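User: I'm new to this. Could you walk me through how to read a structure like this one?

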Amino acid sequence: AGIIYAERLRRAVETLARRLQQEHPDANLTLSMGVAELRTDESIEELIRRVDQALYAAKKRGRDRVCASS
């Protein structure tokens with residue numbers, strides 16, 4: 001479910017960015033996110049590590065996207 005909300009937010013930012021570029025052609029706004037669910041046997045530190053890895057995967061794949069942790 002988290003990835004669905006994250007993708008909705010990313011699309012909303014994308015729409016805002018298009019509007020912004022109409023007034024400011026040099027403006028460039030994107031949103032990349034990593035998403036993960038807390039596992040029952042997982043610490044907060046482990047969750048943050050997985051989310052961070054997912055974020056860097058999103059950036060590596062071309063930015064402006066959402067990646068879920070496996």
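Analyst: Helices (H or I, at least four residues) and strands (E, at least two) are DSSP runs, numbered from the N terminus. Here, Leu9 has its place in helix H1. This is a predicted model, where local features need pLDDT of at least 70 and side-chain atom pairs count only at pLDDT 80 or more, while totals for chains, interfaces and linings use all residues. Residues are numbered from 1 along each chain as its sequence is written, and side-chain values use heavy atoms, with hydrogens and water left out.

User: Where does Ser32 lie?

Analyst: Look in the loop between helix H1 (2–23) and strand E1 (33–35).

User: Is Ser32 buried or exposed?

Analyst: Buried means under 20% relative accessible area, exposed over 50%, and partly exposed in between (1.4 Å probe, protein chains only). Ser32 has 16% relative accessibility, so Ser32 counts as buried. Leu9, with 46%, counts as partly exposed.

User: What is Ser32 in contact with, leaving aside its neighbours within four places in sequence?

Analyst: Contact means heavy atoms within 4.5 Å. With those neighbours left aside, Ser32 is in contact with Leu55, Ala58, Lys59, Arg63, Asp64 and Arg65. By that reading, Leu9 is in contact with Leu31 and Met33.

User: Which ring does the charged end of Lys59 sit over?

Analyst: A charge sits over a ring if NZ of Lys or CZ of Arg is within 6 Å of the ring centre and within 35 degrees of the ring normal. For Lys59, that ring belongs to Tyr56, and the charged end is 5.4 Å from the ring's centre.
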